[in-house]
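Q: Please take me through this structure and tell me what stands behind each label you use. I would like to see values set against their cut-offs.

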Amino acid sequence: MKPRESLHAFKTGQPIPFRYVSDQDQKPQSGCTYTMDSFAEYEPKGTGIVVTPDEKGKLNYNFQATFSTPGPHVVHMYRYKACNGAAPERIGVHCQVVRTK
């Protein structure tokens, strides 16, 4: 898939990819590190995940979630930035609802 493209039909048990696709905060700043927390159905999938630039130099925020029951499901991504040794600062919270069949 390319940025801004979406799949609309998912099967129960299928790994579903999620990623941040906005252009805002995509280029890393010098002296800063980036992390993210991800949640599926309000349960942590990963916390403090280090986010690194891809081959084009954009920060690659992404994760997968799998759901074992059909119906609507929600995921969340929290993005953080820490510069020059400072504590991480939250720079975004994003949510998505998907439906599995």
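A: Gladly! Let us start with R79, which lies in strand β5; a strand here is a DSSP run of E with at least two residues, while a helix is a run of H or I with at least four, both numbered from the N terminus. This is a predicted model, in which local features need pLDDT of at least 70 and side-chain atom pairs count only at pLDDT 80 or more, whereas totals for chains, interfaces and linings use all residues. Residues are numbered from 1 along each chain as its sequence is written, and side-chain values use heavy atoms, leaving out hydrogens and water.

Q: Why is R79 called buried?
A: Its relative accessibility is 1%. Buried means under 20% relative accessible area, exposed means over 50%, and partly exposed lies in between (1.4 Å probe, protein chains only), so R79 counts as buried.

Q: What does the side chain of R79 make a polar contact with?
A: The partner is the side chain of H94, at 2.9 Å. A polar contact is a pair of N or O atoms within 3.5 Å; within protein, one must be able to donate a hydrogen and the other to accept it, and residues adjacent in sequence count only if both atoms are side-chain atoms. The R79 and H94 pair therefore qualifies.

Q: What makes C32 and C83 a disulfide?
A: Their sulfur atoms are 1.9 Å apart, and a disulfide is a pair of cysteine sulfur atoms within 2.5 Å, so the pair meets the rule. The count by this rule is one disulfide. C32 lies in strand β2 (residues 32-40) and C83 in strand β5 (residues 71-83), so the link ties together parts that are 51 residues apart in sequence. With 100° about the S-S bond, the link is right-handed.

Q: Why do C32, C83 and C95 get their accessibility labels?
A: C32 has 13% relative accessibility and counts as buried. C83 has 21%, so it counts as partly exposed. C95 has a relative accessible area of 55%, so it is exposed.

Q: What is the label for K11, and where does K11 lie?
A: K11 lies in the segment before β1 (16-19). At a relative accessible area of 62%, K11 is exposed. Not counting residues up to four places away in sequence, K11 touches T100 and K101.

Q: What makes a set of residues the largest nonpolar core, and how many residues has it?
A: A nonpolar core is a set of buried Ala, Val, Leu, Ile, Met, Phe, Trp, Tyr and Cys residues joined through side-chain atoms within 4.5 Å. The largest one has 17 residues, with F18, Y61, F67 and V75 making the most contacts inside it. Its largest share, four residues, comes from β2.

Definitions and conventions
Contact = heavy atoms within 4.5 Å.
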